Amino acid sequence: MRITRRYLAAAGALALAATSLPGHAESADDAAVRKAIDNLVKAMTAADKAALEAVVSDQLSFGHSSARVETKAEFVGNILDKKPIYKSITLGDPTISVVGNNAIARYTAAVEADSGGKEISIKLAVVTVWVKDGGTWKLLAHQSFKPT
């Protein structure tokens, strides 16, 4: 049997579809990444320094929808300095793909915030990359963008 790119694409699509079937059980790592995402959201809305530092990697690259990119120190510092104040972050449509000690999570986010006295309400699409560090999932990269 000759393996072509078309064959590999079809096999990949079938494998991906199988993981999203209703009967597919969530793995322990999938659940742990989902919990880490929830912990990140809680830490952001609470402006909790210890919780933020525990859930993000020292090598964090946090990309905002405005194209601004922050390091871990900048990301944590801006949240603690209330730039902006996250009032609520509601996530939807999550997908998580774990590959070894790495995971990619995609989801939508409805964000309510205050930035310099200006109320912000925005819907974003988000992709995050997580790395398992000492048995704990930590955010390595984040990019949000405004869906079209």
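Student: Where is the place of Pro 84?

Tutor: In this predicted model, Pro 84 sits in the loop between α4 and β3. A cis peptide bond, with omega about 0°, joins Lys 83 and Pro 84.

Student: Why is Ala 47 called buried?

Tutor: The cut-off for buried is under 20% relative accessible area. Ala 47 has 18%, so Ala 47 is buried. You will find Ala 47 in the loop between α2 and α3, with a positive phi of about 50° although it is not a glycine.

Student: And what makes Ser 66 exposed?

Tutor: Exposed means over 50%. Ser 66 has a relative accessible area of 52%, so Ser 66 is exposed. Ser 66 belongs to the loop between β1 (56-63) and β2 (69-70).

Student: Which residues have the most contacts inside the largest nonpolar core?

Tutor: They are Leu 40, Met 44, Leu 52, Phe 75 and Trp 130, in a core of 30 residues. Among the elements that give two or more residues to this core are α2 (28-46) and α4 (72-80); α2 gives the most, with 7 residues.

Student: How do you know that Phe 75 is in contact with Leu 40?

Tutor: Contact means heavy atoms within 4.5 Å. Leaving aside neighbours within four places in sequence, the contacts of Phe 75 include Leu 40, Met 44 and Leu 52, so the pair meets that cut-off.

Key
Residues are numbered from 1 along each chain as its sequence is written. This is a predicted model: local features need pLDDT of at least 70, side-chain atom pairs count only at pLDDT 80 or more; totals for chains, interfaces and linings use all residues. Side-chain values use heavy atoms; hydrogens and water are left out. Helices (H or I, at least four residues) and strands (E, at least two) are DSSP runs, numbered from the N terminus. Buried means under 20% relative accessible area, exposed over 50%, partly exposed in between (1.4 Å probe, protein chains only). A nonpolar core is a set of buried Ala, Val, Leu, Ile, Met, Phe, Trp, Tyr and Cys residues joined through side-chain atoms within 4.5 Å.
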